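Here are my notes on this model, in numbered points. Please read them with the coordinates open.

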Amino acid sequence: MSAKTYPEGEYLLTRGRYSCRTYTDEVPSAELIRKVLDGAHYAPSACNRQPWRMMLIGPDDASARKAVIDSYSRPWIAAAPYFVIVCAVDDEAWVRPADGKNHADVDVSILAEHLCLEATVNGLGTCWVCNFDPAVLAAGINFPAGVRPVVIVPVGFPAGEAPAKTRKALDDILLHP
Ligand SMILES: Cc1cc2nc3c(=O)[nH]c(=O)nc-3n(C[C@H](O)[C@H](O)[C@H](O)COP(=O)(O)O)c2cc1C
């Protein structure tokens with residue numbers, strides 16, 4: 001079935017989110033940002049360990065903003081009024097007994113995407129940013145011991161249109177036993 005046959009808006013959650021790299025000058029209220037963070041933290045995690053922290057950086061956090069901007073080589077990020085740095089706490093994560101795999105990155109990724117989806121349904125734009133320099137970021141922001149930044153999520157009101165989605169065909173990624 002083609003996507004066009006679905007009613008308008010039905011796929012808001014997964015198709016409405018996109019990597020937003022342009023933001024308006026309007027600053028979202030602290031209440032709206034808090035609502036999005038609250039929604040995100042209902043994300044599932046292995047054994048419900050919740051091995052994560054979110055560092056919230058607002059428009060007035062000048063030195064932390066500079067650290068984010070310096071850590072990432074693309075200038076567009078500076079237009080976002082908020083950044084959420086989603087962090088892992090490896091020591092709090094579930095470790096699979098069978099092979100010792102630590103699930104902190106899995107859990108943190110789910111939290112980050114919940115953040116992006118919750119932002120989307122509240123009219124906000126976000127983008128996953130992992131291509132930052134962790135050393136530059138850590139030089140400008142004091143993360144508590146054991147807290148490891150995984151993804152920077154800029155948050156703001158989107159400017160411009162969402163680009164068309166490019167995805168592999170579902171049948172090209174669907175495996176059958
Ligand atoms: C783990 C991960 C890391 C990413 N890192 C970056 C990044 O550093 N900079 C960037 O502009 N986009 C980054 N992205 C966004 C992807 O480029 C984007 O999700 C992909 O092209 C699909 O586009 P869409 O999000 O608009 O659907 C990242 C996405 C993921 C999931």
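1. Ala98 sits in the loop between E2 and H4. Helices (H or I, at least four residues) and strands (E, at least two) are DSSP runs, numbered from the N terminus. Ala98 is exposed because it has 6 C-beta neighbours inside 10 Å. A residue is buried if 20 or more other C-beta atoms lie within 10 Å of its own, exposed if 12 or fewer, and partly exposed in between, with C-beta atoms placed from the backbone. Ala98 and Ile110 are 12 residues apart in sequence, and their C-alpha atoms are 22 Å apart in space.

2. A word on provenance. This is a predicted model: local features need pLDDT of at least 70, side-chain atom pairs count only at pLDDT 80 or more, and totals for chains, interfaces and linings use all residues. Residues are numbered from 1 along each chain as its sequence is written.

3. Trp94 belongs to the loop between strand E2 (82-88) and H4. Trp94 counts as partly exposed, because 17 C-beta neighbours fall inside 10 Å. From C-alpha to C-alpha, Trp94 and Ser45 are 8.6 Å apart in space, yet 49 residues apart in sequence.

4. Helix H4 covers residues 104-121, 18 residues in total. From its first C-alpha to its last, H4 reaches 26 Å, close to the 26 Å expected at 1.5 Å a residue. That expected span is 1.5 Å times one less than the number of residues. The buried residues of H4 include Val108, Leu111, Leu115 and Leu117. Asp107 and Glu118 are also among the buried residues. Just after H4, Gly123 takes a positive phi of about 80 degrees.

5. How do H2 and H4 pack, and at what angle? Helix H2 (residues 30-40) meets H4 at about 135 degrees, with the axes 8 Å apart. Axes are lines fitted to C-alpha atoms, for helices over the stretch in contact, and angles run from 0 to 180 degrees between N-to-C directions. H2 and H4 are therefore oblique to each other. Angles under 35 degrees count as roughly parallel, over 145 as roughly antiparallel, 65 to 115 as roughly perpendicular and the rest as oblique. The crossing of H2 past H4 is right-handed. A crossing is left-handed if the near helix is turned anticlockwise from the far one by less than a right angle, and right-handed if clockwise.

6. Leu37 lies in helix H2. Leu37 counts as partly exposed, because 18 C-beta neighbours lie inside 10 Å. Leu37 and Leu56 are 19 residues apart in sequence and 9.2 Å apart in space, C-alpha to C-alpha.

7. Cys47 lies in the loop between H2 and strand E1 (52-57). Its phi is near 55 degrees, a positive value in a residue other than glycine. Cys47 is exposed, because 11 other C-beta atoms lie within 10 Å. Gln50 is found in the loop between H2 and E1. Phi of Gln50 is near 50 degrees, again positive in a residue other than glycine. Gln50 is partly exposed, because 17 other C-beta atoms lie within 10 Å.

8. Gly160 is in the loop between strand E4 (148-156) and helix H6 (170-173). Gly160 is exposed, because 11 other C-beta atoms lie within 10 Å.

9. Which residues surround the ligand? They are Tyr18, Ser19, Cys127, Trp128, Val129, Cys130, Asn131 and Lys165. A residue is near a molecule or strand if its C-beta atom, placed from the backbone, lies within 6 Å of it. By class, this shell has five nonpolar, two polar and one charged residues. Ala, Val, Leu, Ile, Met, Phe, Trp, Tyr, Cys and Pro count as nonpolar, Asp, Glu, Lys and Arg as charged, and the others, Gly among them, as polar.
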